[in-house]
Amino acid sequence: MRARPGATGDRAQSLDGTWSFRLFDSPDVVPAESVAIDEAGGQWQSIAVPGSWPVQDVGDRPHYTNIQMPFPEPPPQLPEHNPAGVYRTTFDVPSGWADERIVLHIGAADSVHGVYLNGTFVGYGTDARLASEYDVTEAARPGANVLAVVVVRYSAHSFVEDQDGWWLAGLHRSVRVEARPRVSLADLDARADRDPETGVGSLDVRATVDFGDHGLALEGYSVRTTLVAADGTPASEPRDAVVPHLASKTYTFSGHIAKTRWDDLDVEAWSAESPTLYTVEAQLLDPSGAVVDRTAVRVGFRRVEIEGADFLVNGKRVWIFGVNRHDHHPDTGATVTVDDMRADLVAMRRMNINAIRTSHYPNDPAFYDLCDELGFYVVDEANIESHAYNWYVCGDPRYRATWLERGARMVARDRNHPCVVQWSLGNESGYGVNHDALAGWIRRADRSRPVHYEDAIRFSGWADGGHHGSDVVCPMYPAIAEIHAYGQQVAAGEADRPLIMCEYSHAMGNSNGSLADYWDVITTTPGLQGGFIWEWKDHGLRQRLDDGSTRLAYGGQFGDTPHDANFVADGLVSADVVPHPAAAEVTWVHRPVVSTLVDGGVQVTNRRFFTGLDDLVAGWELVVDGVPVGSGALDVAEVGPGESVVVPLPPAAAELQPDGDGRVLLTVTWRTRADAWHAPAGSAVAWDQLTLRDAPLRAGGASSDAGDLGGLEPGTLGEARPNVWRAATDNDGFKLLEDLVRVREMGSPTLIQWRDAGIDTRPAEEIVGYSSEVVDLPAGQEVRHRFDVPEDAVDLPRVGVLLTVDPRFDELRWIGRGPHENYPDRRRSATVGSWTTGVEASPYLLPQEFGLRTETTQVELVDSSTGDRIRFTTLGDPFCWSATRHTPAALFAAVNDSDLVDDERLVVCLDAAHRGVGTGSCGPDVLPQYRLGAGTYELAYRVEYLRPAESLTGEENSMRRGM
Ligand code: IPT
């Protein structure tokens, strides 16, 4: 494995495309003739390379497991049924390659593979997420060549590839052949550094020369190296370095490595905010001075280091706004294109994400190029996860070399990328001698980056344990109280490593509760710098059903067993990269500008570390009791990195009296000034809603000349019945995996407790005390519901009513938190305002509660074709509500969103209180302050029926006058 890029132009030939393929039940029954030069018959199919075969309909299916292995045999034994695929293709060796070495590059094959060229066995590769290269010069022939690759689904290596994801198989990354000179630049290791104090850059280039068949090095070769800026201008004079050779001093000879160093470079720094790249060009010169090989790698000048308990990039304690990412595509499985990867990064930057952990293996090589260019910090993770045999394999000497090879080959491939800021030893593999061996190797090979490994600190202690295995404290799914306590240890001098959560805020279904609460603590506690949300994307795989329709499927839906169902669908975005509602909260929590209210105006703080805010423009909006009453541009002078400035309040806001009735809010929004690679001009990247007058939200008065419910057709508006059930979220408990919860104590037991108490089936009146009062008004009704939640029914999902409405009401307008779905513990991104939406479809792959809006004083159900409206206005506290086409019972009964059918009615829930969502599917359950305790709850509202003549604007104006 090497960092030197592959050959291009007429020195390379891509073998990607359609190959022939045959599937066998096991490698033992693969006939020798299937890899022979003249293949003898049999049923061959066509298959795409690169591609995962289980998503190509060739007779083997995808299989999903999380921790458990897909088969029962212990390491290193394998199941009898172990599909093996034989891939065949042909290619021509051009006549111009006659004097060259010919190398076959297999981008990645899952699990292991053997290679036959023209019937000759040329090698065997064992890492499903790194390339294997074979020198096939001997086996290749001028003209036509027959290549056969046997790929085996499971191998002894599967026990260290037990990541939480689909077991796919096949040649899932690109394959090519290339010509290399007989004497060549085997590798280029370019170490770029920049002193953050002085701004002076240095570059250390080590070019390794391969003398091929010549054995002992030839004399007189040299390497000429030049640094080139992004615009193509030279950033240094070329320098020549002699390639050492084995003369008399074998004792001091350290390899055919030509070393060149610059210590005084005037270069710009690379960071995720300002990803300036340079190119190192290298030429290999023979003794006559002729160029016999050349290559180029990109570098970025930056320094990462740990100082005290701070992880520094260019001297700054940056925030890690991170996410865990797999290479996944709903149609092609593990095969992703550059466009797919770019689409991920675009959607990530829209959420202000600046860091990625390549969970849990080295990603496609092109991914790192994109991260270098676009600006992301990467924790690069070795392809090692022995989760099912957590404590066994990591100490097994039979796997020692595997550990080293996987980690060392990753470092060898990715070391030149400025985006890589930490090396990870892998994921969830216990902590054993094999880990320390790899950590030792990495620390010697690359002193410029810290080592990261979660289980080292999990089992040996955050403050003082696992130092051999991890330079950072990188726990998964800790409680807020735990990370806070660690920060206290840092403050007390009892701990000295930065804490960056390797996984947190599990995005499974309706989730990411308390994300903002995490960040309240992270930004105010020493030693804490952020973390990586689990995870970026749902791993749904598109599946064609018998009726011709398609759905995104999860574990078990291919008939795969054993499986872990929808635990594979836990992303911030769907498999098709459609953001889930929590994306807005993620964007807000990571926002690059924070606006707060201070004496004298609005304080604007630039949370970036290296760049100003010139690319953004600010605007303000004044909101009184949820109704916008004015807006404009906010004039903010230059705000340097990390700086704050105070700007005066807009006059309209400054004129307001601090005392008085009605809540007055000022929303400050920062938008992109021009089109950027990640978003068009005008996209909101940061916002804050500031409270100018902290009075209770008032609701609008009764509509003056309308509101006669008698005007509604009978049956339009159903009766409001008490309701304490919500279609359980994945965080409430796994409806498809109850055994996992009961036996393995994974996920949250709350759903089981609810079901045991019959909360999903019994009438709400049996669970809580309930009474209601309805007063008919000349216009509409006043309705008051009272709920008494007894001590033994605590932790209810919700307390409120459910009513159904004629489905012709298809638009929703409200005054409250929005515009996106929000819950009590995931709503800081949702501002109080006046919003409109259509009736939304379920956003989650596994149907569950969705669509709530909190802190609402008024909601209208609108018939968009006639303009008719049914309006609910609070008579007391603001309420929560949702209006969807599904009852909680129907959502709970459905197992895939493709099963959902629209209800005949619009299903409206009005809640006095609603439980938070938390992250209990993997991590802390809902915090106490977002749960529903025992006691009395009231929900009171006026309900009116309005016809089109009474325009909302008129009433908004009357509310404004009442200010
Ligand atoms: C942990 C894994 O690291 C990750 O791959 C994924 O499984 C995630 O959490 C849950 O979705 S495993 C968990 C048992 C802590």
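Helices (H or I, at least four residues) and strands (E, at least two) are DSSP runs, numbered here from the N terminus. With that naming, Pro 50 is found in the loop between β3 (45-49) and β4 (63-65), and the peptide bond that joins Val 49 to Pro 50 is cis, with omega about 0 degrees.

This is a predicted model, in which local features need pLDDT of at least 70 and side-chain atom pairs count only at pLDDT 80 or more, while totals for chains, interfaces and linings use all residues. Residues are numbered from 1 along each chain as its sequence is written, and side-chain values use heavy atoms, with hydrogens and water left out.

**The ligand**

The ligand is surrounded by 16 residues, the closest being Asp 164, His 360, Glu 428, Glu 503 and His 506; a residue is near a molecule if one of its heavy atoms lies within 4 Å of it. By class, this shell holds seven nonpolar, five polar and four charged residues, where Ala, Val, Leu, Ile, Met, Phe, Trp, Tyr, Cys and Pro count as nonpolar, Asp, Glu, Lys and Arg as charged, and the others, Gly among them, as polar. Domain 1 (9-180) and domain 3 (338-537 + 572-587) both give residues to the shell, so the ligand lies between them; the domain bounds come from an automatic or database domain assignment.

| Side chain | Distance to an oxygen atom of the ligand |
|---|---|
| Asn 66 | 3.4 Å |
| Asp 164 | 2.6 Å |
| His 360 | 2.6 Å |

The protein covers 92% of the 380 Å² of accessible area that the ligand has on its own, as computed by the Shrake-Rupley method with a 1.4 Å probe.

**Strand β17**

Seven of the eight residues in strand β17 (residues 222-229) are buried, that is, under 20% relative accessible area with a 1.4 Å probe and protein chains only. Strand β17 pairs with β20 (residues 278-285) in the antiparallel sense over eight bridges, and Thr 226 stands opposite Glu 281 in β20; two strands pair if DSSP finds at least two bridges between them. Four bridges also join β17 to the antiparallel strand β18 (residues 239-242), where Val 242 stands opposite Ser 222.

Terms used: A polar contact is a pair of N or O atoms within 3.5 Å; within protein, one must be able to donate a hydrogen and the other to accept it, and residues adjacent in sequence count only if both atoms are side-chain atoms. Buried means under 20% relative accessible area, exposed over 50%, partly exposed in between (1.4 Å probe, protein chains only).
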